[in-house]
Amino acid sequence: EPTPSSVAPTVVVSWWSLLTTAEQAAIEATAPGDARIAAILTALKTGKAEASDLADLVTKGLLTQARADLLKAA
């Protein structure tokens, strides 16, 4: 049995930090006029975004499918 001190902590990397500056800027520029994008922006910045959020960014043209796939694999 591993003791709690010997178990490595789970590190959650926010997808926001993996986006390019241009991708972040496009999402931030779209958020004020789109409630769904605003919700995704909040989720991204708090590390709570899910794959469905990335899919919606692809649908809105704010992320390519290739980039979404790379982020999900990270």
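Is Asp69 buried, partly exposed or exposed? Asp69 is partly exposed, as its relative accessible area is 37% (buried is under 20%, exposed over 50%, partly exposed in between, with a 1.4 Å probe and protein chains only).

1. Some ground rules. This model is predicted, so local features need pLDDT of at least 70 and side-chain atom pairs count only at pLDDT 80 or more, while totals for chains, interfaces and linings use all residues. Residues are numbered from 1 along each chain as its sequence is written, and side-chain values use heavy atoms, leaving out hydrogens and water.

2. Back to Asp69. Its side chain meets that of Lys72 in a salt bridge at 3.8 Å, N to O (a Lys or Arg side-chain nitrogen within 4 Å of an Asp or Glu carboxyl oxygen). Both sit in helix α5, three residues apart, about one turn of the helix (helices are DSSP runs of H or I, at least four residues, numbered from the N terminus).

3. Now try Glu23, which counts as buried at 11% relative accessibility. Glu23 pairs with Arg67 in a salt bridge, with the closest N and O atoms 2.7 Å apart. That pair links distant parts of the chain, since Glu23 is in α2 and Arg67 in α5, 44 residues apart.

4. Look at helix α2 (residues 21-30) next: Glu23, Gln24 and Ile27 are its buried residues. They fall within an arc of 100° seen down the axis, so they line one face of the helix (the arc uses directions from the helix axis to the C-beta atoms). Thr21, Ala22 and Ala29 are exposed on the other side.

Notes: Helices (H or I, at least four residues) and strands (E, at least two) are DSSP runs, numbered from the N terminus.
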